[in-house]
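Dear colleague,

I am handing over the structure we spoke about, with the sequence alongside.

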Amino acid sequence: MRVLVAYATRHGATAGIAERVAAALTAAGLPAEAHPVEKVKDVGAYDAVVLGGAAYMFHWLKPAVTFARRHRKELAARPVWLFSSGPLGTDLVDKDGNNVLQTSRPKEFDELAKLLHPQGEQVFFGAYDPDTPPVGLGERFVRHMPAAQAAMPAGDFRDWPAIDAWAAQIAAELGAGQPRGQ
C-alpha cells in the first residue's frame, strides 16, 4: 500500500501539514510520499491519495482543484481524503457561534465530493507570516488594507495533535498494521 500526499501551497504551511501526514502514515507502516501537485504527473503508482490545499477567501488553491479534476478518474478509483488549511487564529467558534473549521470549508469541496467520493475531509488552521512576500495581486491588495491586517493574525496556528490524529485515522482506515487480505 503506497500513499501519495499531494498538496498545493502558497507559503509552505500546507506543505508542512502534508509532510507531517506522510511521515505519520509511513510511521504507521504505510509508505507515503508528500509532493506538490505540480510535480505529480501520475497517481497510478499509489493505492491511496491524500490531497490538500491552502484556502484563501473560502476557495482552495487552483492547482489543487486542477489536479483533482485532471486525475478525477484515477482518484475516484482509490481511497482519497481531502484537507484544507487556512483559517487563522485559535478561536474554534466565530462571533456568530459557528464552528470556524466548518465555515472555512472550501467551496470546491462540494464539487470534489461528487467527483472523487472522498473517504473524509478535514480543515486545519494555517499559518501566516506577514513578513513573507505576498503572492499574487489579490494578496498584495489585501496586505495594504488596514482592516485586513487586523483580521489576519500572524503566527503558526496549525494544530499538530489534530493533524496527527487525522493521519492516524487514515492509517486505521487503510488497515495499517493489518495483514494483507484482511
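What follows is a short account of what was found, from the whole chain down to single residues.

Please keep in mind throughout that this is a predicted model. The protein has eight helices and eight strands, and of its 182 residues, 38% are buried. Among the contacts in the protein with a separation of 6 or more, 79% are between residues 24 or more positions apart.

The helix pair that I looked at is α2, residues 62-70, with α5, residues 108-116, whose axes come within 10 Å and cross at roughly 20°. Since angles under 35 degrees count as roughly parallel, α2 and α5 are therefore roughly parallel to each other, and the crossing in which α2 passes α5 is left-handed. On the α2 side the contact is made by V65, A68 and R69, while α5 contributes E108, E111, L112, L115 and L116. Sorted by class, the contact of α2 with α5 comprises five nonpolar and three charged residues, with no polar ones.

Several loop residues may also be of interest to you. H71 lies in the loop between α2 and α3, the latter spanning 72-76, and because its relative accessible area is 5%, H71 is buried. Once its neighbours within four places in sequence are left aside, H71 is in contact with V40, K41, D42 and V43.

F58, which is not a glycine, has a positive phi of about 70°; F58 sits in the loop between β3 (48-56) and β4 (59-60), and with a relative accessible area of 44% F58 is partly exposed. For H117, also a residue other than glycine, phi is positive and near 50°; H117 is found in the loop between α5 and β6 (120-124), and its relative accessible area of 52% makes H117 exposed.

Finally, N99 is placed in the loop between β5 (80-85) and α4 (100-103), where the side chain of N99 reaches the backbone nitrogen of Q102 at 3.1 Å. At 32% relative accessibility, N99 counts as partly exposed.

With kind regards

Definitions and conventions. Residues numbered from 1 in each chain as written. Predicted model: local features only at pLDDT ≥ 70, side-chain atom pairs only at ≥ 80, totals over all residues. Heavy atoms only, no water. Helix = DSSP H or I, 4+ residues; strand = E, 2+ residues; numbered from the N terminus. Buried < 20%, exposed > 50% of the residue type's maximum accessible area, 1.4 Å probe, protein only. Polar contact = N/O pair within 3.5 Å; in protein donor to acceptor, adjacent residues only side chain to side chain. Axes fitted to C-alpha atoms, helices over the stretch in contact; angles between N-to-C directions. Parallel < 35°, antiparallel > 145°, perpendicular 65-115°, else oblique. Left-handed = near helix turned anticlockwise from the far one by under 90°. Contact = heavy atoms within 4.5 Å. Nonpolar A, V, L, I, M, F, W, Y, C, P; charged D, E, K, R; others polar.
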